[in-house]
Amino acid sequence: MAANSRTTRVAFLARNGQGLELAPVTTHVAATVATPAATGAAPAAPRSTRLAPTPALPPAPRPPIELRGVGDRAAELPAAAQLDLDLVRELPRLPIEADWKDRARLWGHAFHPMCSYLASFPAALAHAFIARYSRPGDVVLDPFAGRGTVPLQACVEGRLGVGNDLNPFAHVLTAAKVDPPTAGEAAARLARLRIDWSFEASGWEALGDGLALAAGRALAEGGPATNGGGHAVPVLGFAVPAAGSGASVRDGDEPVPLEVALAYHPRTLGQLLFVRSRLDLADRTDRFLAASVTGILHGKSRSYLSELMPNTFSMAPRYVRDFARRTAFVAPERDVFACLGAKLGRLDRDGRPAIRGLALLGDARDAGPRMRAALRERALPDRARLVVTSPPYLRVLKYGYYNWLRAWFLGFSAAEIDRTLDDAHRREPYLIFLREALASLRPALADDAVVVLVIGDVEADRGKRIGDGVGLADAAWEAAAEPEGYRLAGIVLDPVAAPRKMTKLWGDLAGQATKTDRILVMGSTEVGRRRALAGARLPVRWEGLRD
């Protein structure tokens with residue numbers, strides 16, 4: 001996957017009596033490469049391949065955008081007036097009850113909690129808008145799909161769910177959920193892995209023993225040096241087959257992070273390395289099993305393969321080393337095949353979604369054209385009647401860093417994920433990015449489409465107060481959506497309880513990043529706006545859906 005390379009000259013955002021001034025600015029954008037997920041009955045890929053990148057057609061050239069004005073006016077105004085420049089008008093409230101808050105935390109289909117994922121909203125919230133603003137057979141799109149909550153819930157309710165994300169880990173999770181194998185196919189593949197393991201176990205167990213011994217010795221001798229990403233240098237003298245390579249244990253060509261060797265019992269580590277080398281993400285069944293394994297890599301019960309860290313996110317590599325040294329941590333033995341079999345059983349609880357969906361890998365700024373092309377290939381409706389999405393929170397987290405162990409298992413680089421996602425947006429570039437994403441969606445929307453954006457007020461960045469993260473939904477409307485012709489229906493406030501937030505990973509600072517999600521509801525046209533207003537007061541049926 002190739003990351004976007006972008007250099008943009010951005011002036012500050014300002015308001016006056018006439019609104020925002022917009023002006024073009026010189027921008028360079030490198031070509032984007034996107035890899036759509038395999039959907040439908042695609043030919044089986046060779047066992048030694050990974051997801052093969054397929055160049056996507058670049059979006060049509062558009063004039064780049066500059067938000068300007070503060071730099072020219074601030075010096076001319078008194079201090080009190082300068083403070084007003086950051087304010088936006090209060091948007092009208094939409095009378096939608098936040099009844100999704102009355103649902104259980106794990107409400108919804110058993111696929112939803114396949115693997116935890118930071119900053120994802122609940123499936124009940126997705127249902128509240130899918131039920132109001134779409135009908136069976138409609139296309140429902142999430143261009144920032146994360147772990148696939150919206151497209152999965154859409155498929156469960158008989159809609160055609162489409163999820164896009166630039167994060168390859170998120171793409172694997174979404175594809176596994178909306179394009180799953182049958183339960184029989186998953187069980188048969190697991191049985192085949194067990195059989196293959198029985199023939200090769202001795203070599204992989206010896207590898208696990210050697211890695212664990214070398215990692216323990218390095219830790220006891222004062223700890224290894226670290227590289228720039230915070231990881232210890234790999235365990236010296238050992239190499240393992242790459243993820244999905246299908247290679248023999250004797251043909252290793254990839255180092256193992258020391259923290260991985262510390263986290264698992266030697267026999268569990270040998271099994272994990274074997275399964276990692278065998279699962280090919282280009283294959284629907286293997287991808288489903290690989291995504292399922294990411295959900296049991298670490299956690300605090302016997303259903304997880306390691307108890308060194310919680311299931312919600314991967315602890316920092318330095319913490320892993322320090323904790324293992326301080327507590328003389330000894331990993332309990334877990335059987336990978338037994339734990340994975342139990343995980344598949346839990347996932348099978350609700351059967352498969354009613355409709356098979358579509359997962360796309362790529363930039364949200366060209367998600368619309370890529371979605372239409374992929375749906376046309378399958379002779380399916382190619383315009384979305386509903387968009388429900390949550391753009392990345394402003395500077396709150398690094399998706400690669402907090403999932404480094406899961407990324408390693410899948411064969412991805414956590415550092416490369418974070419470089420690609422460019423999480424360091426400030427307010428003005430963030431609004432430009434969002435406007436470009438909304439502009440690219442317009443040709444992919446039905447004439448009466450409703451667009452729902454869940455945007456969190458960001459008050460802190462990793463515990464540090466920031467001054468440009470509050471009122472983002474209001475600013476997104478004025479600076480990104482309204483200029484692209486969307487029609488505002490209103491805004492819904494969704495206070496977020498600290499105990500249920502991803503920022504609990506900050507300990508005492510939990511809940512201080514985003515205290516309120518503002519849900520911006522708008523139409524692609526006036527017809528869509530009126531449909532959004534009419535649907536706001538409709539009751540949503542919860543009976544018969546899993547709590």
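This is a predicted model: local features need pLDDT of at least 70, side-chain atom pairs count only at pLDDT 80 or more; totals for chains, interfaces and linings use all residues.
**Entry: H4 against H5**

I began with helix H4 (residues 149-156) and helix H5 (residues 168-178). Their axes come within 9 Å and cross at roughly 5°. Anything under 35 degrees counts as roughly parallel, so I've put H4 and H5 down as roughly parallel to each other. Next I wanted to know which residues make the contact. On the H4 side I found Pro151, Leu152 and Cys155, and on the H5 side Thr174, Lys177 and Val178. Sorted by class, the contact of H4 with H5 comes to 4 nonpolar, 1 polar and 1 charged residues.

**Entry: H6**

What would a straight helix of 38 residues span? At 1.5 Å a residue it would be 56 Å, yet H6 spans only 45 Å between its end C-alpha atoms. I went looking for a bend and found one of about 75° at Glu200. I also checked what comes just after H6: Gly222 is there, with a positive phi of about 105°.

**Entry: the sheet**

Then I traced the open sheet of 7 strands. I read its order as S9-S8-S7-S10-S11-S15-S14, and the pairing is mixed. Which strands stand at the edges? They are S9 (358-361) and S14 (487-495); each has a single partner strand, so one side of each is left without a neighbour in the sheet. Ignoring direction, neighbouring strands are turned by 15° against each other on average.

I took a closer look at one pair. Strand S11 (residues 445-456) runs antiparallel to strand S15 (residues 516-523), and the two pair over 7 bridges. For Val450 I noted the bridge partner in S15, which is Gly523.

**Entry: helices on the sheet**

Helix H3 (residues 123-133) lies across strand S7 (139-142), strand S10 (384-389), S11, S14 and S15. Against S10, I have H3 running at about 160°.

Definitions and conventions: Residues are numbered from 1 along each chain as its sequence is written. Side-chain values use heavy atoms; hydrogens and water are left out. Axes are lines fitted to C-alpha atoms, for helices over the stretch in contact, and angles run from 0 to 180 degrees between N-to-C directions. Helices (H or I, at least four residues) and strands (E, at least two) are DSSP runs, numbered from the N terminus. Angles under 35 degrees count as roughly parallel, over 145 as roughly antiparallel, 65 to 115 as roughly perpendicular and the rest as oblique. Contact means heavy atoms within 4.5 Å. Ala, Val, Leu, Ile, Met, Phe, Trp, Tyr, Cys and Pro count as nonpolar, Asp, Glu, Lys and Arg as charged, and the others, Gly among them, as polar. The expected span of a helix is 1.5 Å times one less than its number of residues. The bend at a residue is the angle between axes fitted to the seven residues ending there and the seven starting there. Two strands pair if DSSP finds at least two bridges between them.
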